[in-house]
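Please read the briefing below alongside the sequence and the coordinates. It moves from the chain as a whole to its pocket and then to individual residues.

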Amino acid sequence: SYEVGEEVIETFNTVYGHDAGLMVKQPDAKAKLDLWKANKLQLLDFGVPESQIEIADLCTVKNNNFFFSARRGDAGRFAAGILITEN
C-alpha cells in the first residue's frame, strides 16, 4: 500500500534495476513500492543470511486496528526492532 512518486521509482530502478520486482504500477495510479522486498534486498546486500530474515507481512494501512498509519492520517508513533546476536 506504499504509494510512491516518479522520483522514488527512478531511484529504486537505478539501484535495483527494473526487473527487481519492487514496484507495482497500476494504470492511472501511483506506483506502490514493496518495502518488505526492498528491505530484504538491502539486508542480503549487507551479508545477512536469508534464513535469518523474517518478514511480518503486516501492512499498517490494511491492519490499521493494530498500527498507527500516517498514510491513513493517524497521529501515532510506530517502532520496530532488530536483534543481532552472536553465533
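Predicted model: local features only at pLDDT ≥ 70, side-chain atom pairs only at ≥ 80, totals over all residues.

Residues are numbered from 1 along each chain as its sequence is written, and side-chain values use heavy atoms, with hydrogens and water left out. The chain holds two helices and three strands, and along the sequence these follow the pattern β-α-β-β-α.

**Confidence and assignment**

- The mean pLDDT of the chain, where pLDDT is the predictor's confidence in each residue from 0 to 100, is 82, and 94% of the residues reach 70 or more.
- Among the elements, strand β2 (residues 23–24) has the lowest mean pLDDT, at 84, whereas α2 has the highest, at 89.
- Helices (H or I, at least four residues) and strands (E, at least two) are DSSP runs numbered from the N terminus.

**Overall dimensions and surface**

- The C-alpha trace spans about 50 × 35 × 15 Å along its principal axes.
- The chain exposes about 7200 Å², of which carbon and sulfur atoms supply 51%; accessible areas come from the Shrake-Rupley method with a 1.4 Å probe, and for residues only the protein chains shown count as cover.
- Of the 87 residues, 16% count as buried, a class that means under 20% relative accessible area, with exposed over 50% and partly exposed in between (1.4 Å probe, protein chains only).
- Among contacts (heavy atoms within 4.5 Å) between residues at least 6 apart in sequence, 29% join residues at least 24 apart.

**The largest pocket**

- About 1200 Å³ of space lies in the largest pocket, and of the 31 residues that line this pocket, the closest to its centre are Asn39, Leu43, Glu54, Ile55 and Ala56.
- A pocket here is an open set of points on a 1 Å grid over the protein atoms alone, where a 1.4 Å probe fits, with protein on both sides within 12 Å along at least five of seven lines, and lining residues have an atom within 4 Å of a point.
- Grid points are joined across faces, edges and corners, and the volume is the space filled by probe spheres set on the points.
- Helix α2 (residues 35–45) gives the most to the lining, with five residues.
- By class, the lining has 18 nonpolar, seven polar and six charged residues, where Ala, Val, Leu, Ile, Met, Phe, Trp, Tyr, Cys and Pro count as nonpolar, Asp, Glu, Lys and Arg as charged, and the others, Gly among them, as polar.

**Individual residues**

- Asn13 is found in helix α1 (residues 6–16) and is buried, with a relative accessible area of 17%; not counting residues up to four places away in sequence, Asn13 touches His18 and Met23.
- Val48 lies in the segment after α2 and counts as partly exposed at 28% relative accessibility.
- Leaving aside neighbours within four places in sequence, Val48 is in contact with Leu43 and Ile53, whereas Val48 and Leu22, 26 residues apart in sequence, are 19 Å apart in space, C-alpha to C-alpha.
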